[in-house]
Amino acid sequence: MKEWLFAVVFMAVSSQAQAQRVVEHEQVSFPEEIPAGGYSGVAWLGDDRYAVVSDNTSKDGFFIFSLSLDSLGVIRSARNLGFYGNSAPGGDSEGVAWWPVKGTLFVSGEKANQVHELRMDGSATGRRLRLPAEFARATSSYGLEALTYDAVAHRFWTTSESTLTGDGKKADAINGVRNKLRLQSFDDQLMPRQQYVYEMDEAMAESQPERHSLGVSALAAVGDGSLLVLEREFAVLSSKIGSFASCKIYRVWPSKGKALPAGAAIGGVKPLEKSLVAEWMTSIGLLDFSIANYEGMCIGPRLADGGRVVVLLADSQNQYGGILADWWKTFVIYDE
């Protein structure tokens with residue numbers, strides 16, 4: 001395990017949301033306990049158990065990991081408790097949400113751009129979220145990446161990683177475009193409810209990298225009506241040195257925004273107001289291999305001092321090239 005000291009970050013937020021203080025902990029990895037993978041989504045199940053999905057498993061299913069957090073919210077240890085799946089092929093799983101109403105998991109996948117339900121033994125129930133027609137325009141490379149469930153409001157939330165085809169130009173490293181996404185909710189009958197416009201920041205890359213990914217990679221319902229949105233930019237340079245991953249977590253309050261009418265064009269409604277919670281960057285240097293492509297995020301336990309832990313997980317693409325690692329990172333949010 002690699003571990004670092006933590007830093008306290010004070011963030012100002014918009015007038016729509018309450019003040020907050022954020023404590024950031026440095027990333028850690030557990031190469032001897034957690035097998036190399038393409039981990040892309042995480043959901044807290046209670047106690048020390050987390051459901052994790054990977055975008056490159058041969059079978060449809062999920063892992064159960066045990067994470068031990070200390071009183072500050074630092075991950076001290078991790079264990080792999082096994083993979084639970086079924087006979088269906090893997091569907092490029094990207095997001096996972098725990099549904100306490102039925103005690104099942106919902107998993108989003110980019111291969112078919114559907115969100116389907118799995119029992120805790122890995123078997124499929126056959127049920128899916130009823131996606132609005134516009135999500136049929138999602139692509140297999142920038143489709144349904146993020147998924148979360150608000151157990152207080154009884155709402156699922158998902159969105160596409162990048163702008164849907166027909167909703168405008170997709171952002172890339174150099175075109176200066178801001179992705180506009182449809183942030184979609186669903187009720188406990190798995191039917192679509194309100195939809196909102198979310199606008200991303202522009203890319204940070206100053207030139208066209210060899211490989212570039214820019215989009216919303218995860219959502220996390222805080223449980224007070226707000227959502228955390230993870231904007232992630234991953235740029236790989238031909239020399240590899242200087243490659244970076246930039247991450248920003250924003251907080252939005254959908255109920256305070258204007259919902260899109262069913263089937264409406266995305267350009268006619270003001271995007272949700274967002275407030276920055278945290279921002280960090282990792283990179284590849286001559287002696288620095290901290291680069292971490294964070295794709296999974298969930299709200300974890302509440303600490304004794306009232307803080308809520310935010311757990312993040314990076315996709316190492318099976319520890320690609322011996323450079324990438326399966327990094328974990330935590331933040332603690334205090335509303336004041």
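Visitor: Is Tyr39 buried or exposed, and what is its relative accessible area?

Guide: This is a predicted model, in which local features need pLDDT of at least 70 and side-chain atom pairs count only at pLDDT 80 or more, while totals for chains, interfaces and linings use all residues. Residues are numbered from 1 along each chain as its sequence is written, and side-chain values use heavy atoms, with hydrogens and water left out.

Tyr39 is buried, because its relative accessible area is 1%; here buried means under 20% relative accessible area, exposed means over 50%, and partly exposed lies in between, with a 1.4 Å probe and protein chains only.

Now consider the rings around this residue. The structure holds 13 aromatic pairs, where rings of Phe, Tyr and Trp (its six-membered ring) pair if their centres lie within 6.5 Å, and where planes under 30 degrees apart count as stacked, over 60 as edge-to-face and the rest as tilted. One of these pairs is formed by Tyr39 and Phe63, which is edge-to-face, with 5.7 Å from centre to centre and 90° between the planes. Since Tyr39 lies in strand β4 (residues 39-46) and Phe63 in strand β6 (residues 59-69), the pair ties together parts that are 24 residues apart in sequence; strands, like helices, are DSSP runs numbered from the N terminus, a strand (E) having at least two residues and a helix (H or I) at least four. Phe63, like Tyr39, is buried.

Tyr39 also pairs with Phe65: the ring centres are 5.4 Å apart and the planes stand at 85°, so this pair is edge-to-face. Phe65 is in strand β6 and Tyr39 in strand β4, 26 residues apart, and the pair therefore links distant parts of the chain. Phe65 counts as buried because its relative accessibility is 0%. Tyr39, Phe63 and Phe65 belong, together with Phe83 and Trp328, to one aromatic cluster.

To return to the part you asked about, Tyr39 is a buried residue that forms edge-to-face pairs with Phe63 and with Phe65.
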